[in-house]
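Welcome! Here is a short tour for someone meeting this structure for the first time.

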Amino acid sequence: MLEAVGVSKHFGGMRAVDDVSFRIERGQIVGLIGPNGAGKTTMFDLLAGAQRPSAGSILIDGVRVEREAAHRRLARGLGRTFQIPRPFAEMTVIENVLLAAPRQAGERLLWTWFRPGQVAREERENLDRARALLDFLNLSALAGEPARTLSGGQRKLLELARVLMAEPSAILLDEPTAGVNRTLRGEILARIAEINRRGVTILIVEHDMEVIARLCPRVIVMAQGRILREGAPAAIAADREVVEAYLGGAPA
C-alpha cells in the first residue's frame with residue numbers, strides 16, 4: 001500500500017531523514033517511534049506530500065508519487081491527520097466534516113446550473129455520510145456546535161472524521177492521543193482499531209509506548225534520521241539500543 005525506498009531529506013548539511021526504506025502492506029497498522037529529532041515528522045511530511053525528498057522514491061499502490069502534491073496523494077487514497085488539529089473554528093462540526101467530501105459536483109460552477117439534481121443528490125449523500133461518521137466517533141450531539149467549542153480530545157476525533165470523509169485507503173496518524181485525557185484517549189484508540197478492522201491501512205506516530213503496544217503488531221524505530229529497528233512492540237521495548245536511543249532506561 002505504501003512504500004519508501006532510499007528516502008532522504010537534507011536541510012543544508014543536516015540529514016533529517018537518511019536513506020530510509022520500509023513497506024506497509026494493505027490493511028496493516030504500523031507504529032513509527034523514536035526520540036525527538038529522530039526524523040519522524042519529516043518522514044510523515046515526505047510521505048504525505050508536504051515536503052519533497054532530496055533522494056529516493058515514495059510509492060502508493062506501486063505508483064511513484066514523491067513529486068506529487070499532497071492533494072494528489074489524497075486522491076490516490078493517502079490521508080493524514082496532524083498532531084495539533086486546526087478545524088475551521090467558526091464553522092460547525094458537521095460543516096468541517098462536509099468540507100472534506102471528495103469529488104463534489106457542486107464545486108463545478110456550471111454543474112450547479114445544468115445538473116442541479118445531481119448536485120443536490122450528492123449533497124444529501126454527503127450529509128448522510130458526515131452524520132454517520134460523527135455518530136461513529138460519538139460527536140453527533142455536537143454536530144451543530146462551532147468547532148471552537150470542542151475540547152482537545154474532541155478535536156482529535158473531528159480530525160479523524162474529516163480524514164475519513166475523504167475516503168482514504170491509508171491514513172498517516174500524527175500523535176492522535178497527545179494531550180488527550182485518559183477517558184477520551186481510550187475512545188480514540190478504540191475508533192482507530194475499528195477503522196483498521198474496516199480495512200484502512202494505518203501508519204501512526206506516537207510517543208506513548210502503551211498506545212503503540214495496544215494498537216500495532218509491528219513497530220518501526222527511527223533514530224538520527226535512520227531506521228534503527230523493526231519488530232513487535234515487546235521485542236522493541238526490550239532492545240537495548242532502542243532503550244538507549246528512545247526509552248531512556250532499562251529494558252521495559
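Where is the place of Glu-167? Glu-167 sits in the loop between H6 and strand S7 (170–174). Please keep in mind that this is a predicted model.

**Two loop residues with positive phi**

Glu-167 is not a glycine, yet its phi is positive, at about 60 degrees. Asn-138 is another residue other than glycine with a positive phi, in this case near 60 degrees. You will find Asn-138 in the loop between helix H5 (116–136) and H6.

**How H6 meets H7**

Two packed helices are described by the angle between their axes and the distance between the axes. Helix H6 covers residues 152–165 and helix H7 covers residues 182–197. They pack at an angle of about 15 degrees, and their axes lie 9 Å apart. Angles under 35 degrees count as roughly parallel, and H6 and H7 are therefore roughly parallel to each other. The crossing in which H6 passes H7 is left-handed.

Which residues make the contact? On the H6 side they are Gly-153, Gln-154, Lys-156, Leu-157, Leu-160 and Leu-164. From H7 come Leu-184, Glu-187, Ile-188, Ile-192 and Ile-195. By class, this contact of H6 with H7 has 7 nonpolar, 2 polar and 2 charged residues.

**Pockets and a cavity**

Now let us look at the spaces in the model. The table lists their volumes.

| Space | Volume |
|---|---|
| Largest pocket | about 470 Å³ |
| Second largest pocket | about 190 Å³ |
| Largest cavity | about 60 Å³ |

The largest pocket is lined by 22 residues, and those closest to its centre are Leu-74, Arg-80, Thr-81, Phe-82 and Val-163. Helix H2 (70–75), strand S6 (78–80) and H6 each give at least two residues to this lining. In the lining of the largest pocket, 13 residues are nonpolar, 5 are polar and 4 are charged.

Glu-167, the residue we started with, returns in the lining of the second largest pocket. The lining of the second largest pocket divides into 5 nonpolar, 2 polar and 3 charged residues.

How many cavities of 30 Å³ or more does a search of the whole structure find? The search finds 1. Lining the largest cavity are Thr-81, Phe-82, Lys-156, Glu-159, Leu-160, Pro-176 and Ile-188. H6 gives the most to this lining, with 3 residues. The lining of the largest cavity contains 4 nonpolar, 1 polar and 2 charged residues.

Some names turn up in several places. Lys-156, Leu-160 and Ile-188 belong to the contact of H6 with H7, and they also line the largest cavity. Thr-81 and Phe-82 are among the residues closest to the centre of the largest pocket, and both line the largest cavity too.

Note on methods
Residues are numbered from 1 along each chain as its sequence is written. This is a predicted model: local features need pLDDT of at least 70, side-chain atom pairs count only at pLDDT 80 or more; totals for chains, interfaces and linings use all residues. Side-chain values use heavy atoms; hydrogens and water are left out. Axes are lines fitted to C-alpha atoms, for helices over the stretch in contact, and angles run from 0 to 180 degrees between N-to-C directions. Helices (H or I, at least four residues) and strands (E, at least two) are DSSP runs, numbered from the N terminus. Angles under 35 degrees count as roughly parallel, over 145 as roughly antiparallel, 65 to 115 as roughly perpendicular and the rest as oblique. A crossing is left-handed if the near helix is turned anticlockwise from the far one by less than a right angle, and right-handed if clockwise. Contact means heavy atoms within 4.5 Å. Ala, Val, Leu, Ile, Met, Phe, Trp, Tyr, Cys and Pro count as nonpolar, Asp, Glu, Lys and Arg as charged, and the others, Gly among them, as polar. On a 1 Å grid over the protein atoms alone, a cavity is a set of points where a 1.4 Å probe fits but cannot get out, and a pocket is an open set with protein on both sides within 12 Å along at least five of seven lines; lining residues have an atom within 4 Å of a point. Grid points are joined across faces, edges and corners, and a volume is the space filled by probe spheres set on the points.
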